[in-house]
Amino acid sequence: MSFKIGIIPVTAFQQNCALAWDDETRIGAVIDPGGDVPYITEQITKLGLSITEIFLTHGHIDHAGGAMELAEKLDVRIIGPGIEDKFLLDGLAEQGARYGIKARDCTPDRWLRAGDVIKLGGADFEVRHCPGHTPGHMVFLNKALEFGILGDVLFKGSVGRTDFGDYGDHAQLIASIKRELLVLPDSFGFLCGHGPGSTIGAERETNPYLNE
């Protein structure tokens, strides 16, 4: 198994849609296809990948807006996020209308729960529940690779937004980060939902939100 990860920034939100694949078998998965589905499928074709599943970290439009269209094009299942984000996935078309983005409501084939293990690029990733940004936000961690996909929980120098009316919770988000992420080694690297990745050690040392 030779794990590879590729980033495809999509939509005006410049969200980090990711491709994870085994470089030997070329079998892989898509994580958080927020939109620009033709561009995503073009990159899949260029890389010669066989996509078997789509995974969602959470239910916001910039991460899930293209999931149903892509699943139909590739004839694959949608897995995740946590069922607590069902209300967001049920309202993707409405979310899109507010931003001038065409999107379809999304019905996953399977919801994720904390402790589940999923296959990304031939590698086993443990699912951890990190609410705060959204109630059903999940992150995907592989301790052997020292690598994680964190969605909009933790960023380089920042954390996920929580100013979402009646469901964002900053204190809960910080608690999630401390409970699930800051217990990881300093060398543990991660991809986040927007912008450059980082390491747990760098964020532990310099992220102002983690030293409040």
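1. Strand 3 and strand 4 (residues 50-55) run parallel, joined by five bridges. Across this pairing, Val30 faces Ile54 of strand 4 as its opposite residue. The model is a predicted one, and the points below should be read with that in mind.

2. Strand 3, helix 1 (residues 37-47) and strand 4 together form a β-α-β unit, and its hand is right.

3. Strand 3 has another partner. Strand 2 (residues 15-22) pairs with strand 3 in the antiparallel sense, over four bridges. Here Ala20 is the residue opposite Ala29 of strand 3. Four residues separate the two strands in their hairpin, and Arg26 has a positive phi there, near 65 degrees. Strand 3 itself, spanning residues 27-31, is mostly covered, with four of its five residues buried.

4. Which residues of helix 1 are buried? They are Val37, Ile40, Thr41, Gln43 and Ile44. Viewed down the axis of helix 1, the buried residues fall within an arc of 155 degrees, so they line one face of the helix. The face turned away from that buried side carries exposed residues: Pro38, Thr45 and Lys46.

5. What do the buried residues of helix 1 pack against? The list is strand 1 (3-10), strand 2, strand 3, strand 4 and helix 3 (67-74). Just after helix 1 comes Gly48, with a positive phi of about 70 degrees.

6. An open sheet is made by six strands, in the order 6-7-8-9-12-13, with mixed pairing. Strand 6 (117-120) and strand 13 (198-199) are at the edges. Each has a single partner strand, so one side of each is left without a neighbour in the sheet.

7. Within that order, strand 8 (residues 138-142) and strand 9 (residues 147-149) are antiparallel and joined by three bridges. Leu141 has Gly148 of strand 9 as its bridge partner.

8. How many disulfides are there? The count is zero. Cys17 is in no disulfide: the nearest cysteine sulfur belongs to Cys106 and is 13 Å away. A disulfide would need the two sulfur atoms within 2.5 Å. Cys17 is buried, at a relative accessible area of 0%. Cys192 is in no disulfide either, as the nearest cysteine sulfur, that of Cys130, is 14 Å away. Is Cys192 buried or exposed? Its relative accessibility is 1%, so Cys192 counts as buried.

9. His137 deserves a look. This residue sits in the loop between strand 7 (123-129) and strand 8. His137 has 0% relative accessibility and so counts as buried. A polar atom of the His137 side chain lies 3.0 Å from the backbone nitrogen of Asp152.

10. Which residues does His137 contact, leaving aside its neighbours within four places in sequence? Among them are Thr57, His58 and Asp85. The contacts also include Arg128, His129, Cys130 and Pro131. Leu150, Gly151, Asp152 and Val153 are in contact with His137 too.

Notes
Residues are numbered from 1 along each chain as its sequence is written. This is a predicted model: local features need pLDDT of at least 70, side-chain atom pairs count only at pLDDT 80 or more; totals for chains, interfaces and linings use all residues. Side-chain values use heavy atoms; hydrogens and water are left out. Buried means under 20% relative accessible area, exposed over 50%, partly exposed in between (1.4 Å probe, protein chains only). Two strands pair if DSSP finds at least two bridges between them. A crossover is right-handed if, with the strands pointing away from the viewer, the path from the first strand over the helix to the second runs clockwise. The arc is that of the directions from the helix axis to the C-beta atoms. Contact means heavy atoms within 4.5 Å. A polar contact is a pair of N or O atoms within 3.5 Å; within protein, one must be able to donate a hydrogen and the other to accept it, and residues adjacent in sequence count only if both atoms are side-chain atoms.
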